[in-house]
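Here's a quick briefing on how the pieces of this model touch one another. Have a look at the structure, then read on.

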Amino acid sequence: MNLDYNDEQNMLREQIQKFCESEYDFYKREEIVKSSNDFDENVWNLFAEQGWLSMPFSEQSGGLGFGPIELSILFEEFGKALVIEPYLSTVVLSGTLLDKSTFSEKNDLIEKICTGSIHISLAYAEVDNGYDYLSPSTTLDSKFALNGTKTLVLNGSNAEKIIVTCTNDDTLNIVVLDANTPGVSINSFSTVDGQSCSEISFENVKLDKSNIIATGNDAENLLKETINLATLCICAEAVGCMESCYHKTLEYTKGREQFGQPISGFQVLQHRMVDMFIESELAKSLLIKAMLEVNNRSDEMYKHVSALKSYVGKSGKLSAKEAVQLHGGMGVSEEMMIGHYLKKMISIDALFGNADYHLKTFS
Amino acid sequence: MYNEALFYQSNLIYKEKNMDINFSKEDIAFRDEVRDWLANDYPKHVKEKTDAGITINKEDLIDFHKALSKKGWMGYNWPVEYGGTGWSASKLYIFNKELGLAGCPPILPFGVGMVGPVIYTFGNDEQKERFLPDILNFNTWWCQGYSEPGSGSDLASLKTKAVLRNDLDEDYYVVNGSKTWTTLAQNADWIFCLVRTDNSGIKQEGISFLLIDMKSPGIEVKPIITIDGDHEVNSVFFTDVKVPAKNLIGEEGKGWTYAKFLLAHERFGIAGVGASMRQLNRLKEIISKLDNSDLQKKVNELEVALSAIEITELRLLSALENGGHPGAESSILKIKGTEMQQALSELFVEASGEYALMYPGPHGYENNDKPAGPDYAAEGLSGFLNLRKTSIYGGSNEIQKNILSKFVLGV
C-alpha cells in the first residue's frame with residue numbers, strides 16, 4: 001500500500017507547474033483564446049520540447065512510456081491553469097489510439113505528434129447516438145466510400161488527419177484520412193471553455209484498405225479504452241480545477257474586506273470553503289483509484305472511471321459555482337479567472353458522458 | 001529554460017516506491033485471519049441478532065468483547081508493551097473494516113480506545129497496573145464524562161467541580177456537578193471525567209482528568225431516552241462524591257491536554273467504512289428488487305461517495321505508513337463518514353415506502369406478530385433515528401468544519 005506519488009512523478013508535476021506559472025498565466029491564456037488561432041503554436045512547440053507530447057506513447061513508438069498516472073498529473077496541472085491547447089485531442093484521443101493499434105503507419109504519425117508537427121482529431125460522436133460510440137451511423141460501404149456526419153470533433157479545424165469511427169457491414173471500423181480528402185467538409189465552432197470543435201461531413205469520401213486502423217472487436221476495444229483514458233484525463237483536469245477553485249476563493253476572501261474585516265473571517269463562508277476543500281479531496285481520492293485501475297488495466301477500470309466521472313461532474317460544478325458565489329460580483333466578471341473554471345466544469349461534464357450517464361454505467 | 005536533460009535523467013534514478021493500492025501479502029494473510037475469527041469465534045448468538053437487525057443487550061456486548069480479549073485483539077490500538085497488538089496502521093484499518101463488514105457491534109471505545117491510551121501515556125505505574133489489564137480483559141466497563149448540560153461543543157467551559165481535601169492523612173477530591181449524554185453509563189463500572197479544579201486562569205487551564213468509581217456514594221444515573229426510543233445515553237449527577245486523589249491522571253490542570261490527546265487518538269475507523277459497506281450492500285440487494293430508478297440512482301450515488309471516503313482513509317493510512325503526520329484531514333473522515341451512515345439509513349427508510357409509518361421501537365416486534373411490510377422497515381427507522389447522533393457527537397460536524405477552517409484553510 002502506497003498512495004504517494006514517487007519522486008519522478010513529483011518532479012514531473014513541479015516541472016508542469018513551473019511552466020504554467022511562467023509561460024501560461026491567465027493573461028496569456030486570454031490572449032490565446034481571443035486570437036484567431038485556436039491555440040498557441042509556440043506553446044505547443046514548448047510542450048514538444050518538454051517531452052510532454054511523447055509522454056503516453058510506448059518506447060517502441062518513440063514515446064516516454066508513461067501511463068495514466070503521469071497523464072493524470074499533467075491534466076491536473078493543465079486544469080489548474082485552464083490550458084486550452086489540444087492535448088486531449090491530438091495526443092490522448094488520436095495518439096494513444098494509434099499507439100495501441102496495429103496500424104501500419106502509426107510510427108510515422110506518432111513521431112510527428114511527438115515533435116508537435118501534426119494535429120490529428122478523433123471523430124467519435126454523432127448527433128443522434130448519445131453517448132453510444134460503438135455503433136455509429138456513419139458508414140463505410142463495400143467500395144470503401146465513407147458517408148455520414150460527425151459532431152463535436154475536438155480541434156477538428158486544425159487537424160491534418162481525422163480518425164473516424166464508422167460501421168462497415170454492421171461491424172465497427174476505425175479509419176484515418178487526410179482532412180483535405182475530397183468529400184470532407186468541416187464547419188468549426190468554439191466551445192464554452194475556449195477550445196474549438198467541428199462538425200465534419202463525409203460525402204462519398206473514397207478510401208481504401210490502407211486507411212483502416214482497426215475493425216470489429218479490435219476496433220471496439222481500441223475505442224473503448226481510448227475514450228476511457230481520455231475520460232480519466234478530463235476528470236484529472238476537473239480535480240485540478242476543483243483544487244484551484246478553493247485555493248483562489250480562499251485567497252480572494254482573505255484579501256476582500258467588508259464590514260471592516262476580511263470576509264474569510266465569516267464562519268458561513270469558512271464552512272462553504274471547507275466543503276469545497278473536502279469535495280476536492282474526495283474527488284482526488286477517486287482519481288487515484290481510477291488511475292491505478294487503468295494503470296493496472298484491471299477488469300474494473302471502466303467502472304472506476306465512471307465513478308470518478310459521475311462524481312466530478314456533480315461536485316466539480318458545485319465547487320465552481322461556489323467559487324463564483326464567494327467571489328461576489330467579481331465571480332461573474334469575464335476578466336477574472338474564477339468564472340472560467342465554471343465553464344471548464346460544464347465542458348468536462350458534457351464530454352464522454354455526463355454525471356447521470358456515468359452513474360448509471362457505474363452500476 | 002526547462003532542463004530537459006534533468007527530466008529524462010530522473011527516469012533512471014527513481015523507480016521503486018511506485019503507487020500501489022493493494023495491501024501486502026502479510027496484510028492479506030492478516031485479513032484472512034480476521035475473517036476466520038469472524039466465521040468461527042465471533043459469538044453466534046450475537047451474530048444472529050445483528051444479522052436480523054435486532055438491538056443487542058449488555059450481555060451480548062460483554063460476550064463480544066470477551067471473545068476479542070480471548071483472541072488477544074482487545075488492545076487493537078495499543079503498543080505491545082502494554083499488552084496491545086502493536087498493529088500497523090494498515091492492520092488496524094483491515095481489522096476495523098472486516099468487523100464492520102461482518103456486522104459486529106462497534107468496539108466500545110471508552111475503555112480501550114479512550115481512557116486506556118490516556119492511562120498508559122500520562123498515568124503512573126500504579127494506575128497502569130491497576131486499570132490496564134481490566135480494560136484488556138473487559139473486566140471493567142468504562143464510560144466518558146465529558147459533556148455537561150451547559151458545555152457541549154464548547155467543552156472547555158465545563159463546570160463540574162473537584163476540590164482537593166485532606167482528611168486523616170488521606171488526599172481526596174470532592175466532586176459536584178453533572179455530566180450528560182453519557183453513553184451506557186447504566187452499565188459502567190468506572191467513568192473518566194473532565195473536572196474543574198481551578199477557576200482562576202483561562203478556562204482550558206483549570207481542567208483535570210479524574211477516574212471515578214461509579215459505585216461511589218453520591219453518583220446518580222438517570223436515563224435519557226433518545227428519539228429512536230432506546231436507552232443508550234444518560235445524565236450522571238455527582239453530589240459530594242469522594243474520589244481518592246490517586247485517581248487523578250497526570251498533573252492537576254493538565255486535563256485539557258489529555259482530553260485533546262484522547263480525541264486525536266481514535267483516528268481510525270472513525271469513518272465507519274466497513275459498517276457502511278455492509279449497509280450499502282444490503283441496500284443494493286433490496287433496491288435491485290424494487291425496480292425503482294430513483295432509489296437506484298440514490299444508492300449508486302452513495303456507492304460512489306463511499307468509495308471516495310474509503311480511498312481518502314487509505315490515503316491517510318498511506319501517509320502514516322510513510323512516516324507522515326496526518327493532521328486535521330481526519331476531520332474529513334468524521335464529517336463524510338457520519339453523513340454516509342445517515343444517508344444510508346435514510347435510504348432504508350425511503351425503500352420501506354409507506355411501511356416507514358410503523359415503528360415498534362428499537363427492539364423490533366419482540367412479542368407481537370409482525371405486521372405486513374418489509375423486514376427492514378423497522379430496522380431502517382431505528383437506524384435512521386439513532387444515527388442522527390453521529391454528526392453531533394465526537395465534536396459535531398460543524399466543529400469539525402471549524403477545525404478544518406483553522407488548520408487546513410488557515411482562516
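**Domains and chain contacts**

Taken over C-alpha atoms, the centres of domain 2 of chain A and domain 3 of chain A sit 30 Å apart. This is a predicted model, where local features need pLDDT of at least 70, side-chain atom pairs count only at pLDDT 80 or more, and totals for chains, interfaces and linings use all residues. Residues are numbered from 1 along each chain as its sequence is written, while chains are lettered from A and ligands numbered from 1 in the order in which they are written.

**Inside chain A**

- Chain A is assigned domain 1 (7–115), domain 2 (120–217) and domain 3 (219–362); such bounds come from an automatic or database domain assignment.
- In chain A, 15 residues of domain 2 are in contact with 12 residues of domain 3 (contact: C-beta atoms, placed from the backbone, within 7 Å).
- On the domain 2 side, strand S5 (171–178), strand S8 (212–215) and helix H7 (216–255) of chain A each give two or more residues (DSSP runs numbered from the N terminus: helices are H or I, at least four residues; strands are E, at least two).
- S5(A) has the largest share of that side, at 3 residues.
- That side of domain 2 of chain A, facing domain 3, splits into 8 nonpolar, 6 polar and 1 charged residues (nonpolar: Ala, Val, Leu, Ile, Met, Phe, Trp, Tyr, Cys and Pro; charged: Asp, Glu, Lys and Arg; polar: the others, Gly among them).

**Between chains A and B**

- Chain B and chain A each put 38 residues into their contact.
- On the chain B side, at least two residues each come from helix H1 (4–13), helix H10 (293–321), helix H11 (330–351) and helix H13 (397–409) of chain B.
- H10(B) gives the most there, with 13 residues.
- By class, the side of chain B that touches chain A holds 17 nonpolar, 12 polar and 9 charged residues.

Methods: Two residues are in contact if their C-beta atoms, placed from the backbone, lie within 7 Å.
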